[in-house]
Amino acid sequence: MAISRKDEARLLDKDEAALVEKSHHPEIGSLDDKALADTIKRIRERRDRAREIGQRQRREMRGKAKPQGAKPAGDNLGTKHKMAVLAQALKRLNSEQTRRRELSARQATASGMQRAMELKAAASAPKRPSSKTADKGMKAKPSKKNEQITDPREVGRVSQQIKKAQAKRDR
């Protein structure tokens, strides 16, 4: 369920709204890795707090817990929506953190491959024999196939000839 920025501003207080605003597109790209990790931590704390308040309100509505405020909780829709907004912001931030981690891993792999190519190019050429004559090479391996005594076409021709001769005699 997508929640508009207008609804986010309505559901959150100023501090939370500022934190969630950092999780949207233009601002999330300008955060450095340390600020991103700090923002994730702070939003996670706010989301957990909203979750706990929502659970407490549900228990109050069912009559399982004593009311904590001046009046007992009638519903917890606002808290549920607030938790959803914070969870979506946390999801965006975690995705960005994962994207950055994968990008740095790809760059590290590429630089390692580049270094390997440079080392390979810088290595000396392999030692080759100075003469142009070939060595003895591999040993010949005798074939394991049975030697054919007659041509298979000859076998077919002879059997056909025998069949015709027998047919002549039977007439």
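Contact here means heavy atoms within 4.5 Å, and helices (H or I, at least four residues) are DSSP runs numbered from the N terminus. Welcome to a predicted model, in which local features need pLDDT of at least 70, side-chain atom pairs count only at pLDDT 80 or more, and totals for chains, interfaces and linings use all residues. Residues are numbered from 1 along each chain as its sequence is written, and side-chain values use heavy atoms, with hydrogens and water left out.

**View 1. The buried residues of helix α2.** Look along α2 (residues 14-21) for Glu-16, Leu-19 and Val-20, its buried residues (buried means under 20% relative accessible area, with a 1.4 Å probe and protein chains only). Because they cover an arc of only 95° around the axis, they sit on the same side of α2; the arc is that of the directions from the helix axis to the C-beta atoms. Their cover includes α1 (5-11), α4 (33-62) and α5 (77-122).

**View 2. His-24 in its loop.** You will find His-24 in the loop between α2 and α3 (25-30). His-24 counts as buried because its relative accessibility is 9%. Its side chain makes a polar contact (a pair of N or O atoms within 3.5 Å, one able to donate a hydrogen and the other to accept it) with the side chain of Glu-8, at 2.9 Å. Not counting residues up to four places away in sequence, His-24 touches Arg-5, Glu-8 and Arg-92.

**View 3. Leu-93 and its surroundings.** Leaving aside neighbours within four places in sequence, Leu-93 is in contact with Lys-22, Ser-23, Ile-28, Leu-36, Thr-39, Ile-40 and Ile-43.

Methods: Buried means under 20% relative accessible area, exposed over 50%, partly exposed in between (1.4 Å probe, protein chains only). Helices (H or I, at least four residues) and strands (E, at least two) are DSSP runs, numbered from the N terminus.
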